[in-house]
Protein chains: 2
Amino acid sequence: MFQLIGIALNNTLDDRLKEYAAVAKAMNVDAVALVPGPNFTRVVIHPFMSHERPFMLVVPARGRPAALVPNLELRSWDLVGFDGAVFDWRDQDGYDAAFAALLKNLQIGTLAVEGQVMRVFVHHALLRAQPELKIIDAEREISALRMVKTPDDIDALKAAIVISERALERTLASVRLGQTEKEIEQSLIQNLFAEGAEDLSFDPIVAAGDGSARPHAKARNDYAVSAGDALLLDFGARKHGFAADITRTVVLDHATDEVEEVYDTVLRANLKGFEVTRAGVTSHEIDDAVIGVLEASPFADRIRTKTGHGLGRDVHEAPYIVRGNHQVLPAGTVFTNEPGLYQIGNFGVRIEDDVLITEDGCASLTQFPKELTVMKC
Amino acid sequence: MFQLIGIALNNTLDDRLKEYAAVAKAMNVDAVALVPGPNFTRVVIHPFMSHERPFMLVVPARGRPAALVPNLELRSWDLVGFDGAVFDWRDQDGYDAAFAALLKNLQIGTLAVEGQVMRVFVHHALLRAQPELKIIDAEREISALRMVKTPDDIDALKAAIVISERALERTLASVRLGQTEKEIEQSLIQNLFAEGAEDLSFDPIVAAGDGSARPHAKARNDYAVSAGDALLLDFGARKHGFAADITRTVVLDHATDEVEEVYDTVLRANLKGFEVTRAGVTSHEIDDAVIGVLEASPFADRIRTKTGHGLGRDVHEAPYIVRGNHQVLPAGTVFTNEPGLYQIGNFGVRIEDDVLITEDGCASLTQFPKELTVMKC
């Protein structure tokens, strides 16, 4: 009856709920709460939207899970196959009574929540219902269950990446000098959906010339790409609930010596990331090696970002590949390897691959060529 | 240098910051905090993404505003023209020191926040920096500044709606019996971008047959539309930062008497919404009139939703058009008028228009025909 999103079918709802009960036990808290977002979707499979209506699934360390569901969503919730207590509420009545009934049912003193997903209005509703409830931000521990990807997860990511790479190929083939960044962005978006994207992983970054020097630039209506420009495209398709995230930087018409040298430096940093990655490496070690290449170059003052971030149902998730993060990375982890160099007012270069950690090394899920491409267009 | 999004140019950053200072004064709190989202974008114009990095603008009732900015975003932040204190932080160092410095600078005891936008990890970071800080959910008061639309806002909404209606026309023209819901959804998405959408307002709902009876259904890969099906499409384009939200339900091949009667009832409820709307009406009065039509019909047991919600930079925003909400609606307010009737296992009908309240009545921003359409396809 509903769409399955990258979950092995032999893994039941009950199995998945038990994983969160185990997190609660390991953290020594009474329960874990999930709200609509990547963890929630992973558990219930059916994707629910998170709008102004509180919606929450609570998995106690021991005992039966319970849910707080907007009445409007009850018929969709039925598809989940959840057999715990359900406390629904209607727009007309508000949700305070449902929170009170939920917490009365659960009898908990401590609750671990997803700090990056749960919003303050839900936090406050919990505290109105039970002022002494201790709410703990367990984003890292809860989302850790998503870090190691299943074979189905990897297949979904690969599908999203193939769509993204085909769209990039079509988009680059149509770029002409004099087009605006916005026109190129619109072409990229149309190509992503034409290739089968279910959604965008995020609003694409299409930035040329001085725009490429801002890591999170927005495509401009009033900037026409011209000969000599670096053109940076950072984007991704979603497929089966998983998000690709790819960056390529090409050069239009001709490349100056400076562009060639900067590009070569970023590419060497990206390749170093692959060289040092294998099961058991830490985030710190990868970032240290990658950023170390940039620091040893004449362009060290153009460093503005860390190496990357985990990738899966969320486009930014654990592990964050940054110095100081000594988290050990197991096989099955997927992260972005995206070193860059950015000089404000001049240009920027970023090369981003999606990397799967394996027992004896790693594999690039992205296959798009990354040698310096000078496009005659 | 950057894209202007539906703001009158004679309205300066300083003017807009003063509006939030006035909210703080009116609420008798020391300051208002904004995090990336629709209010933040309205103030700084440049759209920033909200990911794992805290980013916050604080406007005190009196004195200079201050901001907490991820170092990565500093160059984009420069474009905003903000002249208050800026506390930046780097991934490598974490953000606790920046929160401490920000709050030390501000010297506040109470802080009003957007409860529907701010996430728990920011709430907790604020309390780590200043455990006695009183954080108040002022979503309603802060977002109220967006309720009355400016002429530029209306133009942006109209542009988003025109794109959406053209995409719907193209999509319906290509529907064939035997297509899956998913195929029709993909066609709709491609048409939205081909017509100039910058983004989707939300993941479209394309639901036929029994799927149309679930208000928030997801398009199915394994359901092929067939003769006699109701086909419900609920979707919208974003343009210039504003979100359209439209629903039309058509019938494929032929309509049964039951479908015709249900459709007629929903249409009468939708028209009643237009009849009772003018400046000074309350949300309660509109919902009471619209739902009253449904309740007086033989299909009262198929009511599952309120009349609608405000529409603007956010696809769900104040005012919520629901009984019990006695908020008086001024001219310039835009809301969705979207009555529906849903019978599980059978079918559902929803008709949704975007309505602008005027001094002496209201105007439908959506123009797509809404008489029962039986499509021969």
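Which strand of chain A holds A:P319? The answer is β14, residues 317-321. The model is predicted.

## Cis peptide bonds

A:P319 also takes part in a cis peptide bond. The bond runs from A:A318 to A:P319, with omega near 0°. Chain B has a cis bond as well, joining B:A318 and B:P319, with omega about 0°. B:P319 sits in strand β14 of chain B, residues 317-321. Most peptide bonds are trans.

## Positive phi

Most residues other than glycine have a negative phi. B:Q107 is not a glycine, yet its phi is positive, about 55°. This residue belongs to the loop between α4 (96-106) and β5 (110-113) of chain B. B:Q107 counts as exposed because its relative accessibility is 64%, and the cut-off for exposed is over 50%.

B:D253 is another non-glycine residue with a positive phi, about 75°. Its loop lies between β12 (246-252) and α9 (257-276) of chain B. Is B:D253 exposed or partly exposed? At 24% relative accessibility, B:D253 counts as partly exposed.

## Nonpolar cores

The largest nonpolar core has 50 residues. Which of its members touch the most others? They are A:L192, A:L231 and A:L233, along with B:L192, B:L231 and B:L233.

Take B:L233 in detail, leaving aside neighbours within four places in sequence. Its contacts include B:L168, B:L172, B:I184 and B:L188. B:L233 is also in contact with B:I205, B:V206 and B:I246. B:T171, B:T247 and B:R248 complete the list of contacts of B:L233. A second, separate core holds 29 residues, including A:V262, A:V281, A:L329 and A:V349.

## Helix α9 of chain A

A:V262, in that second core, is one of the buried residues of α9(A). Others buried in this helix include A:V259, A:Y263, A:T265, A:V266 and A:L267. A:A269, A:N270, A:G273 and A:F274 are buried in α9(A) too. An α-helix has 3.6 residues a turn, so residues three or four places apart point the same way.

How far apart are the end C-alpha atoms of helix α9 of chain A? They are 29 Å apart. The helix covers residues 257-276, which is 20 residues, so at 1.5 Å a residue it should span 28 Å. The two values agree.

## The second largest pocket

The second largest pocket has a volume of about 250 Å³. Its lining has 13 residues. Those nearest the centre are A:H123, A:L127, B:H123, B:H124 and B:L127. By class, seven lining residues are nonpolar, four are polar and two are charged.

Which element gives the most to this lining? It is α5(B), with four residues. Three elements each supply at least two residues: α5 (120-129) and β6 (134-137) of chain A, and α5 (120-129) of chain B.

## B:I135 in chain B

B:I135 lies in strand β6 of chain B, residues 134-137. B:I135 is buried because its relative accessible area is 12%, and buried means under 20%. Not counting residues up to four places away in sequence, B:I135 touches A:H124 in chain A. In chain B, B:I135 touches B:L111, B:V113, B:H123, B:L126 and B:L127. Two of these contacts, B:H123 and B:L127, are also among the residues nearest the centre of the second largest pocket.

B:G109 is 26 residues from B:I135 along the chain. Their C-alpha atoms are separated by 8.8 Å.

Terms used:
Residues numbered from 1 in each chain as written. Chains lettered and ligands numbered in written order. Predicted model: local features only at pLDDT ≥ 70, side-chain atom pairs only at ≥ 80, totals over all residues. Heavy atoms only, no water. Core = buried A, V, L, I, M, F, W, Y, C linked by side-chain atoms within 4.5 Å. Buried < 20%, exposed > 50% of the residue type's maximum accessible area, 1.4 Å probe, protein only. Contact = heavy atoms within 4.5 Å. 1 Å grid on protein atoms, 1.4 Å probe; cavity = no way out; pocket = protein on both sides within 12 Å on 5 of 7 lines; lining within 4 Å. Points joined across faces, edges and corners; volume = space filled by probe spheres on them. Nonpolar A, V, L, I, M, F, W, Y, C, P; charged D, E, K, R; others polar. Expected span 1.5 Å × (residues − 1).
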